[in-house]
Amino acid sequence: MPGLAPGDSAGGVPDSVNGTLVPYSSDSHVSAIYPLRHGLNPPISRVSVSWGRGNSLRVSVFRQPDSDPKSDGEAGGKVVEVTLGKSRDGEISDAQWRKIAYGSVSPFALLQSRKNSTASLSRMQLSPSPYHLEWWEYVMEYSKDIGSLLGDPKTALATLIEDPNEVFPKKVEEPSSLKAAWELMEMFYVDKLSQAWLPERLVDWLADYNSLISIDLPTVHSKLVEFQNQIVTLQVIEDDPRYWDLISSALAVGWLEIVVKLLRLHGSYRLDQLGRRETENGLVEAVAVLISKMPRMRPAIDAGKIGECFKAKPDFVKAWERWRAQITKLDSSAFWIQCDHRQTREGLKNMLQIMLGNVDVLCSSTCHWMELYISHFLYIRPFTAGLESMYSLAQKCFRLKHTSNPHKLMRLMIGILGENNEVVLAECSRGFGTWMVAHAIELLTAGSNEADILVHEEREDLGGISLEELHRLVYAQLLSSHLLTWQIAPIYLTSCMRQGMGLLEILLLKQPVQENQMLLKNLEICRLYELDGISSHLMEISGMYHWKHGRKGCAVFWLQQAHDEVRLSGIASQLFDSVGKSISGESFKQWEGLIELLGSEGQLAGGLDFLHKYRDFKKCLQHAESRKDADAARQAVESLMSLMRNASTPQRFWLPILYDAVKLLSWDEGPLINVGQTNLLLNKLQELSVARLRPDFVEAELPTQALNHVRYSLATNLGRAILGEL
Amino acid sequence: MAVIGIPQTQIHRLSQSKYVDSIRWLPSVSPLQQSAIVAFFDTDADSPSLEVHSLDQESKTLDLISSWVPPSRISSLKCTQAFAVASTISGSLHVFSATEAQDPSSAFRSVVAADGKGFHVGRIAGVDLMDGGSNECVSVGEDGRVNLVRVLDGSYRKVFDGNGLVSYTAVKWASPTEFVTGGCGFGLQWWDLRRPGSAVAQFKGNLEKGRTSGIIHSIDVHPSRKHTCLAGGSAGTVFAWDLRYQHQPIILSGTSNDTAAQPLSESEVWEVQYDSYTKSSMNNFSSSKLLPAMFCSEDGILGVIDQGEEPTELLAEPCAINSFDIDRQNPSEVICSLEWESIAIVSRP
């Protein structure tokens, strides 16, 4: 139990002295300065800091509350985002990472759905149809799709022929270690077809990625690049020891076409010297021909590369022995004595030793242990098969060419060869990030039960989730932290059985909903995963946001979509407050518009029905008043009567409505309300007077004399109406 | 019945490493040149840009001609023969000369701009300009305002102010004096400048009982049928509203049960345009039949709907198609902006 309490035991771990669980270096104490560009004029009165998306901080800067109304136009505050730290390693830019993330969605989703259908087939105990592919073939398809996203490091062979001085073919694009790692995983775990010629595949792999495998020490690739830059300045190339050194190195790692090309640069090929150096030239050419005839245990070879391919082992063995015999024959040939150019003689002899598999020469010709390893496959043990023997060979090479600081690719390589799945996962995660480990798990488990158990076993220490789920969740977390990639996080979250849906809900709820477009994209995800609850919640949040910003139309729309009866009733009850008050102009328009917006649906129907009627009444009344229009006034009376007759009109509004109607009761051009109608209104007033005696009665906010005023008006009107009807 | 040798629809996807907010073809200044105006948003630098790119016909790659930095992200972008007009989420509107924009030697800048508190509050949701129209640009916003901006001098006048009680999300000119707006609840409004004050006709979005309502995202009006407007919005809805039969919208696509054809999309339809390239089937041709329409959707579909026919799918992407534009001079060419920071060019045979 290291470090739970400071100095708890005598033999305590040094870190436990500070009482920290995780040791951390003091380097992290160095403070970093991030300039803020808020563009506000001082004085700044308040600054508040909160976490934003991913590793960014949201800093809100507030100015002094404006005391001077004239300085209008300047914002009272601003929110700026500060991104902390540098993102990832420099090899792959953020935009490229996003491109990889986008591109891997479809292959991942396809593989998951195939996995589910295969699982359901086996659950039903149906034998898969004969046309069905083996599982590893599906994974292979997935691996190829993903691999194509990571860049194509294939060399442009055209330059080989065009420019005689261009020894080393130019890469179309720089190879990435991510792609190199992916290919390694694919080669070892998925591609069943290549198992038989794994050593040859490793030869190809090294040819593609030799430039990556070493951090500080030279490689054959780096030596070649260096030499190529000087090649033009060399007069007599075969006199330079580096030339022979380099040819041997290239031969040792199997870059035969480069070796042959370099050999043909030999001075004895030049027309003016051919006559004098005939034997020498013959020897060089003989070695070049031998090299180009090298038997290879592989189904085919890329165009532009040389060697003779054999698919079947017996054929290969026969050819191999014949080839070796030819080399031995050449080695003991009498022509060597006639060759008087020392460097050529020694260089060629050295090459023959490499081809004969002389360990010492191989060791001195190669730089990196991986290069030595590859040379073993090519010239000493072409039949190496099985991870166990490959691993012991790797250990041997590693001992011979030890490096203290192995590259992440090499660490992964050792993990793979050592058949240690946990190490492989850890190296994927440590060296290549969360994307790699989340996607490479599929490769790891493609053919191995052991890995399958490791990855899918539910772990107590992880809260009951499996390693696979853990890595997917971590990757989804990373995706969620970016404005543009959060939308693909659900694909990964929903493939996580235990925690996925919960985290998806949290993710969706955390997305900003200020913009309708973003909200709709969010709702679409809710629809796809049938998260109706979250969807209504988001609509409610958005509705409230719009309401606060004065976009009432939008707000009511979203609240209605969310069926948020509580808030809608809240809005409606605010509208009731205006009943009986004199509202005019702009605010009446707002009030009227809101009633219109709320419509006549749902549980609010009763109350809204009243509001609609009241609105009509109020509108007619305003018309009648402003234009002295008798028709409008008559309409207003009709509205008034229908309001007072209707049972849904709340009692507390009777008096305010009647008070509004005073203007109609005292209409100059004669009584508008007949005797019967006036009696009805008087009855209502009587009812109201009785009701006022009850303790729970709520008084309307009206002038104290309102009741008397109404009563007097009604009485007067009754008198006028009776006279009028006589 | 397989016919050999039919030229295939070609699709080119161009990765951009920036989010594409909107994309339009620009009218060609020469028959050999094809260029597009693109509204980008760079999330790494947190900066928007409006760029003009020429399209290489052979390799289908985009080459930057000119670029301009708007004050904020572009919310809507439209092009006519003479002008390109862009609005921003902060409520400003900018007009560019379409020919100058494609000329690398001239500075790419807005010839006219309108903004300020009296113009729009917050995001301008839609803008439109009409070829041969009044040279006035109509803009609508979520704030409920409808403004007209004179392209010549940038002065603007208010047509309507909804005071936030309505929110407009799309707009399209129908004639030099009429335009259509759309908003929440599948609502459409027909405006006539000769009868100011309010909309002359309204569609309240009661498409069908029991359907969930939604938002109109895009409107199109065909110059030969000015009384009908085509609208696209939420839940895969594409419908036509004929002013002569205001209570009978024609639903072309949507999630209702009784439409015979299975809809291509059930998610947001971000844009609709009449597709002059697809020829309507002649045997049941009549003037009452709607013209074929193209749409793009959140679930990654670019499709063509022809009334009474099975819809056809031009493109099915794993991510959303946020906007598209049909080249007017060469309608077989369609350019789309995709959610995953890329542009797709569809060349039909």
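**A chat about the two chains**

Reply: Happy to! Let's begin with a hairpin in chain B, where three residues link strand 6 of chain B to strand 7 of chain B. Do keep in mind that this is a predicted model.

Me: How many bridges join strand 6 of chain B to strand 7 of chain B, and which way do they run?

Reply: There are five bridges between strand 6 of chain B and strand 7 (residues 83-88) of chain B, and the two run antiparallel. One pair to look up on your screen is B:S76 with its bridge partner B:S87, which sits in strand 7 of chain B.

Me: Nice. Is strand 6 of chain B buried or exposed?

Reply: Buried: six of the six residues of strand 6 (residues 74-79) of chain B are buried, so the rest of the structure largely encloses this strand.

Me: Staying with chain B, what is the order of the open sheet of four strands?

Reply: The order is 10-11-12-13, and the pairing is antiparallel. At the edges you find strand 10 (124-128) and strand 13 (156-161) of chain B, each of them pairing on one side only. From one strand to the next, the twist averages 20°.

Me: And what joins strand 10 of chain B to strand 11 of chain B?

Reply: Four bridges do, with strand 11 covering residues 136-141 and the two strands running antiparallel. Look for B:I124, whose bridge partner in strand 11 of chain B is B:G141.

Me: Changing topic: which residues touch the most other members in the largest nonpolar core?

Reply: That core has 164 residues, and the ones touching the most other members are A:F188, A:L202, A:W205, A:L263, A:M370, A:Y373 and B:L302. The element that gives the most to this core is helix 18 (residues 421-444) of chain A, with twelve residues.

Me: What does B:L302 touch?

Reply: Leaving aside residues up to four places away in sequence, B:L302 touches a set that includes B:M294, B:F295, B:C296, B:L314, B:L315, B:I321 and B:F324. B:T312 and B:E313 are also among its contacts. There is a second, separate core too, with 50 residues, including A:L559, A:L640, A:M644 and A:F653.

Me: Now the interface. How many residues of chain A are in contact with chain B?

Reply: On the chain A side there are 36, in contact with 37 residues of chain B. Between them the two chains bury about 2,800 Å², with 53% of it on carbon and sulfur atoms. In chain A, the residues that lose the most area to chain B are A:Y102, A:L520 and A:K521, together 19% of what that side buries.

Me: What's the count of salt bridges between chain A and chain B?

Reply: The count is six.

Me: Last one! Which residues other than glycine have a positive phi?

Reply: Here are two to look at. A:H563 has a phi near 55°, and this residue lies in the loop between helix 25 (552-561) and helix 26 (565-576) of chain A. B:S17 has a phi of about 60°, and B:S17 lies in the loop between strand 1 (10-15) and strand 2 (19-26) of chain B.

Me: How exposed is A:H563, and how exposed is B:S17?

Reply: A:H563 is exposed, at a relative accessible area of 62%. B:S17 is partly exposed, at 34%.

Me: Great, thanks for the tour!

Note on methods: Residues numbered from 1 in each chain as written. Chains lettered and ligands numbered in written order. Predicted model: local features only at pLDDT ≥ 70, side-chain atom pairs only at ≥ 80, totals over all residues. Heavy atoms only, no water. Pairing = 2+ DSSP bridges. Axes fitted to C-alpha atoms, helices over the stretch in contact; angles between N-to-C directions. Core = buried A, V, L, I, M, F, W, Y, C linked by side-chain atoms within 4.5 Å. Buried < 20%, exposed > 50% of the residue type's maximum accessible area, 1.4 Å probe, protein only. Contact = heavy atoms within 4.5 Å. Buried area = accessible area lost by both parts, 1.4 Å probe. Salt bridge = Lys/Arg side-chain N within 4 Å of Asp/Glu carboxyl O.
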